[in-house]
Structure formats: structure tokens, C-alpha cells
Amino acid sequence: MKRIIVGLTICCLALWIQTAKAATRTLKLAHAVSTTAPYHLGSEKFVQVLSERLGDRFDIRIFPNKQLGSERSLVEQLQIGTIDLVVTSTGPLGGFVPQMLVVDLPFLFRDTKHVDHVFEGPIGQSLLASLEKAGIKGLAFWENGFRNLTNNRRPVFNPEDCRGLIIRTMENEVHLESFRLLGANPTPMAWGEALTALKQGTIDGQENPINIIYTHGIYDLQKYLALTAHFYSPALLLMNQKTFEKLTPSEQKTFLEAAQIAGRFEKEIIRKNEAETLKKLEDLGMRVTLPDRSFFRRAMAPVYQKYQSRFGETLIQEILETP
Ligand code: EAX
């Protein structure tokens, strides 16, 4: 009799564990940068915070380094739900939600303090909300950083030095137009294709934040680095809207909080390492120039006239006037 009770208890326990395990929901998180880059470190932080707060209710599988595709492709897969979460720059997002292009305007953001005031305030919230009409839940703004220009042809001190350079840009019409105004020859491509093109020498240059230039070995492929900081490039942790809506209200709150915590962690990594990483790039042989950014700002300014009718002059003014 005792044996039967013990046997039954073991069976019930095994069944309970099986059921509990079955309740674990697997979610796929993807990004298109290396596993040493801040997006990846931020993704690991996000998973850690969720696990601390929700135990093993969710199994978040991270697919790094373009394993599941380029940033634009990852957002397309997110929309149809084959990927649940994506970390991406806003670069390709203008193709999904046109008003996101506003953040890609040249010299729109003064510094990281201005960036945080905009994206942690009502403007940031309204931009996140604008993603929902595309089936995308923006969990939080993270950071890619201020973008700088690299090339293999010449040191860059002013816009004239960019004339004729074949520069890869993200698939972003504001970025393309801005570089055309410098007299460069911009060509849009996904990040993976850009790395191949740099290796093959079919383009002269590219532009990216210091952390991307370092974590993707651009110092081995490009000689000159001009600290133009011509665009601020936000990043986002995105979730498929329907998958987010399937979460309980408490789980949704936890996902949003974990995204914010991981975003602050990711930004801090970028910002506290910027000076040290720049020094490493110089030690690795890159010749760094400090152009007068006002010349670039003036040369790129006409792009505002072209796009403010799209986003509304008010939004641009609100961003510029944010302290
Ligand atoms: O999001 O494509 C780019 O240049 C991005 O800055 C990079 O993939 C990180």
C-alpha cells in the first residue's frame, strides 16, 4: 500500500513538473550586431532581469549577429510574428513608420542629455506609440549613438572633403539625402552587406557610432575617422504587438520595466566607454580628425525643408526646444 502511495506521489510530481515546464514560453530575440556590441550586452541584461522577476516563465533565446537577417528583415519578421523581439537602430524603421524618420535628421540632437530628455519624455512615448499601427510594440529606446564618418580615401575636415566619396548609409532616405547634400555618393545597404563592400573596396566609407566601428573591426578596413557626429542614431527594443498583448498585464509591466532597465544599462556601456574606445581606434591605426561640425550642419540643413512637411515643423521644434 505504502509503495502505491509513493509511486502515485512520484507520478503526480513528475506530471506537475512537466506541466510547469510546458508553461514556459519560448521567445526569440534577434539583432544584427556582434556579441561584443552593446545591443547584445543589453539583450542579455533584459533576459537576466526578466528571469529575476518572472523565473522560468519565459525562455528568451537570443539570435545575434545577423543570424536571422539584417535589421530591416528582422523588423519584417517581427511584424509577422516569426521573431518575437528585435533590437535595432531606427535606421530602417522609417520604411515601416514614416514619422520615425524625424529622429534621423542631421544635428537634431545636441548631446546625450538632450537625447535622454527627448526619448524619456512625451516625445519618446508618442514615437513608441506610433509603432503600434505597424503591429510593433516599442518596449524602450536604447542607443546606437552619434554617428561618425570613416573612409579610405582622405582625411575629412570639411564637407568638401566628402565630395565624390562612395559612402554606405543605412536604408534611410533622410541619411541618403543628407549625404547627397555634402556632394558625396551615398549608397544604402544593410550592415552585413556594408562590411562585405568595405572588405572588397567597392565603397569608400561608411558612418557609424564609435562602439560599432570598434566592435565590428572597421579599424582594419578604414584608415580615416572624422568625428562629425552628424546623426544621432537611437536604437529600440521592439516586440511583436500581438505577442505583447498575449502577456498578462503584470507580465507586460515587467517586460516594459526590464526593457527600460536594460536600455539604461546599454546606454551606460556606450557612454562610459566612448573615450577609451576612441583611443583604442587611434592605437589600432585609425587617423582621427576633428572637423568643424558647424560646416556639416550648414551643408546638411536643407534636408529639414524637404522633410519637415512630412513630420510637421512642430515636432522638430519640440525636439529642438527640449532642454
Ligand atoms: O544598428 O546599420 C547600421 O549602420 C547600424 O548602425 C548598425 O547595424 C547598428
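**View 1. H40 and its contacts.** Setting aside neighbours up to four places away in sequence, H40 is in contact (heavy atoms within 4.5 Å) with H31, S34, T35, I62 and P64. The model shown here is predicted: local features need pLDDT of at least 70, side-chain atom pairs count only at pLDDT 80 or more, and totals for chains, interfaces and linings use all residues. Residues are numbered from 1 along each chain as its sequence is written, and side-chain values use heavy atoms, with hydrogens and water left out. H40 belongs to helix α2, residues 38-54; helices (H or I, at least four residues) and strands (E, at least two) are DSSP runs, numbered from the N terminus. With a relative accessibility of 8%, H40 counts as buried. Buried means under 20% relative accessible area, exposed over 50%, and partly exposed in between (1.4 Å probe, protein chains only).

View 2. The whole structure holds nine aromatic pairs; rings of Phe, Tyr and Trp (its six-membered ring) pair if their centres lie within 6.5 Å, with planes under 30 degrees apart stacked, over 60 edge-to-face and the rest tilted. One of them is the edge-to-face pair of F46 and F255, 6.0 Å centre to centre with 75° between the planes. This pair joins helix α2 to helix α10 (residues 249-283), across 209 residues. F46 is buried at 0% relative accessibility, and F255 is buried, also at 0%.

**View 3. T112 beside R271.** T112 sits in helix α4, residues 112-119, and is partly exposed at 30%. Beyond four places in sequence, T112 touches F146 and R271. The C-alpha atoms of T112 and R271 are 8.6 Å apart.
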